[in-house]
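I will jot down what I look up as I go.

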Amino acid sequence: MALYDGPRQITAGILAAILFLGLFFGLNLVWWLALVLAAVGYGALLLVIPHRRRADEIILTAKTSKADLQSAGEALSDSAKRLTDTITKLPKADATAVEEMAQRILSIRENILRDPEDYRLTRRFITTYLPNMVQTVETYAGLTGRTKGAQSDRLDALGAQIRAFAPVVDQIDRACIENDLAALESEVDALGTQLSRRMT
């Protein structure tokens, strides 16, 4: 029976725990060996229990419309521009991080317009997290240079959080590229199989 990923992991974890108890108490194995075997069992169970895709995953892979992609592309372009507009107001370290974010956002845009499957990977980021992130950077840029004393310390802490956005956006961009690589690898494997059949 196919399960959604959360229940699937919980089910595998419960069965692995039962396996550990059986090995440790039932067969009297040393605890570390029982734990290793239970961990292996957990991994095997994840392979055996099929993953059930959520309805939104199915819809997005099969029915991503041109309007969806156009809207996402416009949102990403607008976000990159708004981030770029804040750069001159920011300290150097923050400006570098924000500039990198803007470049990565444009890269994500190119990825999803090239491959609609990448839209599934980035949809929640584009619709939920990105607007909040851009608004946070804009507010921070507006406060830079206006704070004093303890307020400056609080602003520095916010700056550190904003700089931490950059590697997250980078990971999302890399996930799109990895998705494209995985698709290409599958195509190459399929082509290799076809060629080997023709040669035999």
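**Entry 1: a starting residue**

In which helix does leucine 35 lie? I looked it up and found leucine 35 in helix α2, which covers residues 31-48. A note to myself before going on: this is a predicted model. Next I checked the accessibility of leucine 35, and it comes to 45%. Buried would need under 20% and exposed over 50%, so leucine 35 counts as partly exposed.

Leu35 belongs to a nonpolar surface patch of about 770 Å².

**Entry 2: the overall layout**

I stepped back to the whole chain. How many helices and how many strands does the protein chain have? I count 7 helices and 0 strands. Read from the N terminus on, the order of elements is α-α-α-α-α-α-α. I also noted the burial: of the 200 residues, 27% count as buried.

Where does asparagine 28 lie? I found it in the loop between α1 (5-26) and α2. The phi of asparagine 28 is near 60°, a positive value in a residue other than glycine. I flagged this because most residues other than glycine have a negative phi. As for the side of things facing out, asparagine 28 has a relative accessible area of 63%. With the cut-off for exposed at over 50%, asparagine 28 is therefore exposed.

**Entry 3: helix packing around α6**

I took the pair α5 and α6 next. Helix α5 spans residues 92-114 and helix α6 residues 117-143. At what angle do α5 and α6 pack? I read about 155°, with the axes 12 Å apart. Angles over 145 degrees count as roughly antiparallel, so α5 and α6 are roughly antiparallel to each other. I also wrote down that α5 passes α6 in a left-handed crossing.

Then I turned to α4, residues 66-86, against α6. Their axes come within 10 Å and cross at roughly 25°. Under 35 degrees the label is roughly parallel, so that is what α4 and α6 are to each other. The crossing of α4 and α6 is left-handed.

Threonine 96, in helix α5, gave me one. How many residues apart along the chain are threonine 96 and alanine 166? They are 70 residues apart, and their C-alpha atoms are separated by 9.5 Å. Threonine 96 itself has 46% relative accessibility and so counts as partly exposed.

Salt bridges came next, and the count comes to 7. One of them joins aspartate 94 and arginine 163, with the closest N and O atoms 2.5 Å apart. This pair links distant parts of the chain, aspartate 94 in helix α5 and arginine 163 in helix α7 (residues 150-199), 69 residues apart. Is aspartate 94 buried or exposed? At 3% relative accessibility, aspartate 94 counts as buried. Arginine 163, at 34%, counts as partly exposed.

I then looked up aspartate 170, which forms a salt bridge with arginine 104, the closest N and O atoms being 2.9 Å apart. This pair also links distant parts of the chain: aspartate 170 is in helix α7 and arginine 104 in helix α5, 66 residues apart. Aspartate 170 is at 12% relative accessibility, under the 20% cut-off, and so counts as buried. Arginine 104, at 25%, is partly exposed.

**Entry 4: a charged network**

Which residue besides arginine 104 did I find bridged to aspartate 170? Arginine 174 forms a salt bridge with aspartate 170, the closest N and O atoms being 2.8 Å apart. Both of these residues lie in helix α7, 4 residues apart, about one turn of the helix. Arginine 174 has a relative accessible area of 51% and so is exposed.

To finish, I asked which residues are linked in a network of salt bridges. My list reads Arg104, Asp170, Asp173 and Arg174.

How values were computed
Residues numbered from 1 in each chain as written. Predicted model: local features only at pLDDT ≥ 70, side-chain atom pairs only at ≥ 80, totals over all residues. Heavy atoms only, no water. Patch = residues over 30% accessible without salt bridge, like charges linked within 9 Å, V, L, I, M, F, W, Y side chains within 5 Å. Areas by Shrake-Rupley, 256 points an atom, 1.4 Å probe, with all protein chains shown as cover. Salt bridge = Lys/Arg side-chain N within 4 Å of Asp/Glu carboxyl O. Helix = DSSP H or I, 4+ residues; strand = E, 2+ residues; numbered from the N terminus. Buried < 20%, exposed > 50% of the residue type's maximum accessible area, 1.4 Å probe, protein only. Axes fitted to C-alpha atoms, helices over the stretch in contact; angles between N-to-C directions. Parallel < 35°, antiparallel > 145°, perpendicular 65-115°, else oblique. Left-handed = near helix turned anticlockwise from the far one by under 90°.
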